[in-house]
Amino acid sequence: MAGHSHWAQIKHKKAKADAQRGKLFTKLIREITVAVRQGGPNPETNPRLRTAIENAKKANMPMETVERAIKKGTGELGGENYEEVIYEGYGPGGVALMILATTDNRNRTTSEIRHVLSKHGGNLGSSGCVSFLFDRVGLIEVPKDSISEDELYEKALEAGAEDILVGDVAYTIYTLPEELYQVKEKLQSLGVQIEKAEVTYKPNSTVSITDPETAKKLLKLLDALEELDDVKEVIANFDMAEELIGGV
């Protein structure tokens with residue numbers, strides 16, 4: 001299995017622990033605020049906001065918190081002015097990294113990301129240094145225990161999906177980025193349970209990691225980056241044997 005997809009499955013399993021530590025709430029609030037700023041406060045006409053609110057409800061976020069995040073996005077409530085920033089860099093073994101962040105202080109975020117990369121054997125690159133190794137895609141996650149593979153393939157095809165990846169705990173459906181929410185809502189109308197939907201990046205080529213020490217360093221780096229409050233997601237272009245991932 002491709003390492004980047006297996007890493008996605010590990011992150012999937014970690015979601016509950018993140019929620020317990022409150023980190024998930026922080027990231028969901030920022031997503032709601034940014035979605036409002038980009039598309040307005042009405043979830044009926046703003047599919048990104050609609051999805052962000054759905055995710056907040058799944059995480060048992062109180063509605064008052066959701067409403068406050070929406071008001072921050074409209075400017076009705078004062079507070080941080082978040083922007084989305086993409087950082088590019090390298091990890092151990094020459095693995096390319098796309099680090100998606102949401103920040104109210106770009107200098108602080110850059111400094112934190114550079115520090116984590118340096119500490120774990122990576123380095124921050126210039127804009128465009130690795131982005132050509134990734135394709136921008138729509139990504140939808142469906143719990144594996146909620147539907148059979150055959151049934152999902154049939155419904156995903158009907159909904160206009162581009163590709164499906166079968167993981168340990170979830171199916172990953174890929175779409176064209178501009179068709180993400182259209183496909184998501186079609187799947188929901190067909191009774192498919194959606195756990196996650198977002199526009200993100202997918203590697204178009206991978207680096208094979210076979211050395212156990214390099215694997216350990218790389219996975220620790222990815223984990224440390226995603227522990228940062230400002231980091232929304234990290235996408236890496238590696239292939240790694242399952243036993244190397246399991247040993248970390």
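Gly39 sits in helix H2, which spans residues 23-39. Helices here are DSSP runs of H or I with at least four residues, strands are E runs of at least two, and both are numbered from the N terminus. This is a predicted model, in which local features need pLDDT of at least 70, side-chain atom pairs count only at pLDDT 80 or more, and totals for chains, interfaces and linings use all residues. Residues are numbered from 1 along each chain as its sequence is written, and side-chain values use heavy atoms, with hydrogens and water left out.

Stay with Gly39. Its relative accessibility is 37%, so Gly39 counts as partly exposed. The cut-offs are under 20% relative accessible area for buried, over 50% for exposed, and partly exposed in between, with a 1.4 Å probe and protein chains only. Gly39 and Gly73 are 34 residues apart in sequence. In space, their C-alpha atoms are 9.9 Å apart.

Now turn to salt bridges. The term means a side-chain nitrogen of Lys or Arg within 4 Å of a carboxyl oxygen of Asp or Glu. The structure holds 13 of them. Lys232 is partly exposed because its relative accessibility is 30%. Glu31 has 15%, so Glu31 counts as buried. Salt bridges also form a network, which links Arg30, Asp104, Arg108 and Asp230.

Helix H3 comes next. It covers residues 47-58 and includes Asn55. Asn55 counts as buried because its relative accessibility is 19%. What does Asn55 touch, leaving aside its neighbours within four places in sequence? Its contacts are Leu28, Glu195 and Lys196. Contact means heavy atoms within 4.5 Å.

Is Lys184 buried or exposed? Lys184 counts as buried, because its relative accessibility is 1%. Glu54, at 22%, counts as partly exposed.

H3 and H7 pack at about 50 degrees, and their axes are 10 Å apart. Axes are lines fitted to C-alpha atoms, for helices over the stretch in contact, and angles run from 0 to 180 degrees between N-to-C directions. The two helices are therefore oblique to each other. Under 35 degrees would be roughly parallel, over 145 roughly antiparallel, 65 to 115 roughly perpendicular, and the rest is oblique.

Which residues make the contact of H3 with H7? From H3 come Pro47, Arg48, Arg50, Thr51 and Glu54. From H7 come Tyr181, Lys184, Glu185 and Gln188. These residues divide into two nonpolar, two polar and five charged. Nonpolar covers Ala, Val, Leu, Ile, Met, Phe, Trp, Tyr, Cys and Pro; charged covers Asp, Glu, Lys and Arg; the others, Gly among them, are polar.

The side chains of Lys202 and Asp163 meet at 3.7 Å, N to O. Lys202 lies in strand E7 (residues 196-203) and Asp163 in strand E5 (residues 163-166), so the pair ties together parts 39 residues apart in sequence. Lys202 is partly exposed, with a relative accessible area of 21%. Asp163, at 39% relative accessibility, counts as partly exposed.
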